[in-house]
Amino acid sequence: GEWPDFEGVIRDIYTAFLKGGELAVDVGVNEGHHLVNLAKAVGPNGHVIGVEAYAPLAKSVLENVKNIYPE
């Protein structure tokens, strides 16, 4: 059989519970897919903190996020 879409299940859980204006933390940002979805879930009045230990990956995600959410 096929593996379930665990990433989709995780996304469904936090989008069901998070509300606009809340704070979310993504530890192990990797490519930033959840980071962006968390930002959408908490809205413009919310905050998301992303932590990625691998510096080259963190830099890449930071540049991608800046392109999505310019200052």
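# Notebook: helix H2 and its surroundings

I began with the buried residues of H2, which are His34, Leu35, Val36, Leu38 and Val42. I then looked up what they pack against, and found helix H1 (6-17), E1, E2 and helix H3 (55-68). The model is predicted, and I kept that in mind for every entry below.

**Entry 1: overall layout**

I counted 3 helices and 2 strands in the protein chain. Read along the sequence, they follow the pattern α-β-α-β-α. I noted spans of about 40 × 30 × 20 Å for the C-alpha trace along its principal axes. The chain has 71 residues, and 20% of them count as buried. For the accessible surface I wrote down about 5500 Å², with 59% belonging to carbon and sulfur atoms. I also looked at contacts with a separation of 6 or more, and residues 24 or more positions apart account for 49% of them.

**Entry 2: confidence**

The mean pLDDT of the protein chain is 92, and 99% of the residues reach 70 or more. Where is confidence lowest, and where is it highest? I found the lowest mean, 89, in H3, and the highest, 97, in E1.

**Entry 3: His34**

I went to His34, which is found in helix H2. Is His34 buried or exposed? His34 counts as buried because its relative accessibility is 18%, and the cut-off for buried is under 20%. I then looked for polar contacts of its side chain. One of 2.4 Å joins His34 to the side chain of Glu7, and another, of 2.7 Å, joins His34 to the side chain of Tyr14. Leaving aside neighbours within four places in sequence, I listed the contacts of His34 as Glu7, Ile10, Arg11, Tyr14 and Asp26.

**Entry 4: Leu35**

Next I took Leu35, also found in helix H2. Leu35 has a relative accessible area of 13%, so I put it down as buried. Which residues does Leu35 touch, not counting those up to four places away in sequence? I listed Asp26, Val29, Val48, Gly50, Val61 and Val65.

**Entry 5: Ala39 and the end of H2**

I moved along helix H2 to Ala39. Beyond neighbours within four places in sequence, Ala39 is in contact with Val48 and Tyr69. I noted that Ala39 and Gly21 are 18 residues apart in sequence, with 9.9 Å between their C-alpha atoms. Just after H2 I came to Gly43, which takes a positive phi of about 75°.

An α-helix has 3.6 residues a turn, so residues three or four places apart point the same way.

I looked at the loop between strand E1 (23-27) and helix H2 (33-42), where Asn30 has its place. Asn30 is not a glycine, yet I read a positive phi of about 55° for it. With a relative accessible area of 44%, Asn30 is partly exposed.

Which residues make the nonpolar surface patch? I found Leu23, Val25, Val27, Ile49 and Val51, and the patch has an area of about 460 Å². E1 and strand E2 (47-51) each supply at least two of its residues. The largest share, 3 residues, comes from E1. I picked out Ile49, found in strand E2, and noted it as partly exposed because its relative accessibility is 43%.

**Entry 6: the salt bridge**

How many salt bridges are there? I came to a count of 1. Asp12 forms it with Arg11, and the closest N and O atoms are 3.8 Å apart. That pair counts because the cut-off is within 4 Å. Both partners turned out to be partly exposed: Asp12 has a relative accessible area of 46%, and Arg11 has one of 34%. Side chains of opposite charge can pair when their charged atoms come close.

Note on methods: Residues are numbered from 1 along each chain as its sequence is written. This is a predicted model: local features need pLDDT of at least 70, side-chain atom pairs count only at pLDDT 80 or more; totals for chains, interfaces and linings use all residues. Side-chain values use heavy atoms; hydrogens and water are left out. Helices (H or I, at least four residues) and strands (E, at least two) are DSSP runs, numbered from the N terminus. Buried means under 20% relative accessible area, exposed over 50%, partly exposed in between (1.4 Å probe, protein chains only). Patches are made of residues with over 30% relative accessible area and no salt bridge: like charges are joined within 9 Å, nonpolar side chains (Val, Leu, Ile, Met, Phe, Trp, Tyr) within 5 Å. Accessible areas come from the Shrake-Rupley method with a 1.4 Å probe; for residues, only the protein chains shown count as cover. A salt bridge is a side-chain nitrogen of Lys or Arg within 4 Å of a carboxyl oxygen of Asp or Glu. A polar contact is a pair of N or O atoms within 3.5 Å; within protein, one must be able to donate a hydrogen and the other to accept it, and residues adjacent in sequence count only if both atoms are side-chain atoms. Contact means heavy atoms within 4.5 Å. pLDDT is the predictor's confidence in each residue, from 0 to 100.
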